[in-house]
Amino acid sequence: MSEQIEITVPIEVSSSPDGIVLRAENITKVFPGTVALDDVSFNVYYGKVNVLVGENGAGKSTLMKILAGVEQPTSGRIFLEDKEIHLRNIQEAASHGIGIIFQEMTLCPNLSVVENIYLAREVTQRGVLIDKKIQKQHTRELVRRLEQNIDPDAMVGDLRIGQQQIIEIARALAQDIRILIMDEPTSALSTTEVEVLFRVINELKSRGVSIIYISHKLDELLQIGDYVTVLRDGRLVETASAADIDVPWIIEKMVGKNPAALFSRTDHHIGEVLLKVEELTLPRAGGGYIVDHVSFELHAGEILGLYGLMGAGRSDVVDCLAGARPAASGRILLKGQPVLASTVSERIRTGIVLVPEDRQREGLVQSMSVADNILLASLKRYLNRFYLAPKKEKEAVKGMVKSLSIRVANIQQPITSLSGGNQQKVVVAKALLTSPKVLMLDEPTRGIDVGAKSEIFEIMSNLAQEGYGVIFISSELKEVLAMSDRILVLSKGAITGEFSRQEATEEKLVVASAVGHGLATSAANQNGGTNKNGHK
Amino acid sequence: MDTSKAISAKKPRRITRTSTLQFLLRGRAFIALILVVIFFAWTLWPDFLSAENIAIMSKHVAQNALLAIGMTFVILTGGIDLSVGSIVGLTAMIAGMLINNGISIPALGVIVYPHTWMILIISIIIATIMGSINGIIITRFNVAPFIATLGMMYVARGFAGLLNNGYTFPNLVGRPELGNTGFEKLGAGEFLGINYSIWIMVVFALVAWFITTRTPFGRHVYAIGGNERSAELSGVRINRTKVLVYMISGFCCAFVGLIIASQLVAAHPATGQTFELNAIAAVVLGGTSLAGGRGSIGGTLIGAFVIGVLGDGLVMSNVSSFWQMVIKGTVIVLAVIIDQAQARMQERIALQQQQELK
């Protein structure tokens, strides 16, 4: 590869008079036994953010993969500036200036930031030696452009998920691109990081880069998007200019459902104190605290929201409660009884159960069936003497599948054959089968479609009604506000705010979440961001 | 619109073709076994299918199958046990020493000669402890299974040699006045006309099948191999399960060591060398993924039979031992290639199901 001194994006004026740089015409994609895309046409406008939206399984990922050269269409044609192109693989797409940021992170955790960004396109001296100096310098510039403070030599595996996502974006920026496909780039980012990303997107637009943007966060789509295309069941529903539409319009097109029903909250009676946490502390390896003397109470029948920026320690609090952090200290009382159990399995037996944040890495065993995943945490309940009783197992699984309306053809089918939303319901079902008293849900709605989200909320609501104590973590302010009876805000591992359902507002949560970051500007930024949200 | 009609018309045929192919791929080890048997039965008619030959082959298969059953547990968790061959050798040597030399207790100035039954039990316990040491090193000290068991492979082999300064314990018949006779019956004895070692294999296979499919422990083994972190957060006790798995492997090794020593009526310190490779080959041939989480005892058993029948058949066909190695190696790699193809296919079918359910 030739040396790149400047990280530049080639500005090529679109030859199309109507401003369309890439045109996909009548794309059909058939997988064995199913039609994923049915005669879909999609235009990518020059220097605009072209949003693709739809429920899981609507075909947007397939379309995106076809445009990126990962998959080939069964029929249909793709034109780049009125010249027909054939994308047989991702390298060919790259040679046409089409880059992609995948939803699943594709970074190598064992390599450094620089090595990841230049993976497979290393800058070399005379084609042999890697020019580390130039790579590092460019990486530093890229990271600075993304307003991050990440060491180029840091191992990617040591970075937070949010930071890894930033590196993924940086990697795409390091290439000469004119069309950038972003598949849920913000799913792991905090509000501040999202703001930065949006500034970068605007900068790219002004340089003539066209963006194809996929996200489940509908507010965000309207904030950043110029054109919105809705897909449903593999068909194109409608394309509209973002200025002309609003969130209810999108939801209606996506599911044909009334959006007011998204947050289903039945009234539930809040009982006595169920869980009391005192001085929960998790020291950080390099000094300081990840969880800084956190104390709170959870009542029976209560949904307690935990809000905070990425890295504020929300997940760490629930991990500690679940027994997944051996280094944690503090007192936990369940129904007034001190919890002495320290391991995950013992905590599960006392009734404290976690639905972890990362479904794929921590929630599911991908090689197992739906039934085996649901049963994994409570096998001991389905024994005849010492061996498993298939009948009891089946009954339990069927009961869960029914009560959580998990969509499966057969409970023995592989877990990987379910959509994200149904996979999440399987993880919840696994937790519920242990008959917990306290259920902790860490980002249960990440990366799942609107329909499934609303179902997860319904499940939470029902659980609270049945007298469970529910702790709910979400990065999305609206979700936390809509679902919680009470909200705790964390910043740098400590509780910086507690709000009842009545007093909580977006502004208050955001201000509390920025406490201790020391930067007045950061808080201002946050406020600015939400205000913009609010006005939309 | 024409295209979509054509597609829907084509659909059913596509699916049947896919499922037939999938069926063939799933049963590939069994099909391979049948093909190998038919081939040798035909080329070596009638010797290959004679009663004596089947008896001999079964005995060979039994040893490898026992090791492979233990190995299956280990590999299902995503681990590997390279020490099995050495533990086989060590067990044989311990049994030999106990029969010929007894246990000398210098403080009392006596030599205790345990009863044959005691000898079997002591040997089995020691082998199981060796396995547990593997497990503890892997879990408590966070050493990769490959390294931990590689170390054990050397250590156990070294001890096997030390027990008699590298010499064989010959003539393990015991003495009637010491009450330690009858060791040779384990290798030579028969029940209903079938050698004990084959019965042991059958019992082990049934118990192992039951454990893997019908007990929480078995389910935990699969879960750990599939996704250790998820299993841990589901309350599976990872360390305990892993240690148990290596203990099971050691336990299986003990039986093989005892059977070999008994059949030869002698214990040689090099007994069991490279057995670990045959065991791993049987497991892999049986469709168990080396990454863990996927596989079955039934598959392993078939894998052990394929390797056994292939090996003996080639010997009887007078194929040079070098060509035997070439053929065995090719078969193993081929098996894994087909395994990968099946995994890809399954993934595609899963995708297809997902799309169908929406």
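## A walk through chains B and A

Of the 358 residues in chain B, 46% count as buried; a residue is called buried when 20 or more other C-beta atoms lie within 10 Å of its own, exposed when 12 or fewer do, and partly exposed in between, with C-beta atoms placed from the backbone. Please keep in mind that this is a predicted model, in which local features need pLDDT of at least 70 and side-chain atom pairs count only at pLDDT 80 or more, while totals for chains, interfaces and linings use all residues. Residues are numbered from 1 along each chain as its sequence is written, and chains are lettered from A and ligands numbered from 1 in the order in which they are written.

Let us stay with chain B. Its C-alpha atoms fill a box of roughly 95 × 55 × 35 Å along the principal axes. Chain B holds 14 helices and four strands, where helices (H or I, at least four residues) and strands (E, at least two) are DSSP runs numbered from the N terminus. Two residues are in contact if their C-beta atoms, placed from the backbone, lie within 7 Å. Among the chain B contacts between residues at least 6 apart in sequence, 78% join residues at least 24 apart.

The domain assignment, which is automatic or taken from a database, gives chain B a domain 1 (52–306) and a domain 2 (319–358). Their C-alpha centres lie 28 Å apart. Four residues from domain 1 of chain B and four residues from domain 2 of chain B make the contact. On the domain 1 side, the touching residues are three nonpolar, one polar and no charged. In this classification Ala, Val, Leu, Ile, Met, Phe, Trp, Tyr, Cys and Pro count as nonpolar, Asp, Glu, Lys and Arg as charged, and the others, Gly among them, as polar.

Next, look at a helix pair in chain B. The axes of helix H4 (residues 84–100) and helix H11 (residues 238–264) of chain B come within 7 Å and cross at roughly 55°; axes are lines fitted to C-alpha atoms, for helices over the stretch in contact, with angles from 0 to 180 degrees between N-to-C directions. That angle makes H4(B) oblique to H11(B), because angles under 35 degrees count as roughly parallel, over 145 as roughly antiparallel, 65 to 115 as roughly perpendicular and the rest as oblique. The crossing of H4(B) and H11(B) is right-handed, a term used if the near helix is turned clockwise from the far one by less than a right angle, with anticlockwise being left-handed. Among the H4(B) residues at the contact are B:Val84, B:Ile87 and B:Gly96, while the H11(B) residues include B:Ser249, B:Cys253 and B:Ala261. By class, this contact has eleven nonpolar, six polar and no charged residues.

Chain A has 18 helices and 24 strands, and 48% of its 536 residues count as buried. Its domain 1 covers 21–261 and its domain 2 covers 273–351 + 436–535, with 31 Å between their C-alpha centres.

Finally, some backbone details. Most residues other than glycine have a negative phi, and most peptide bonds are trans. The bond from B:Trp45 to B:Pro46 is cis, with omega near -5°, and B:Pro46 sits in the loop between helix H2 (28–43) and helix H3 (51–76) of chain B. A:Glu184, not a glycine, has a positive phi of about 50°. A:Glu184 counts as partly exposed because it has 19 C-beta neighbours inside 10 Å.
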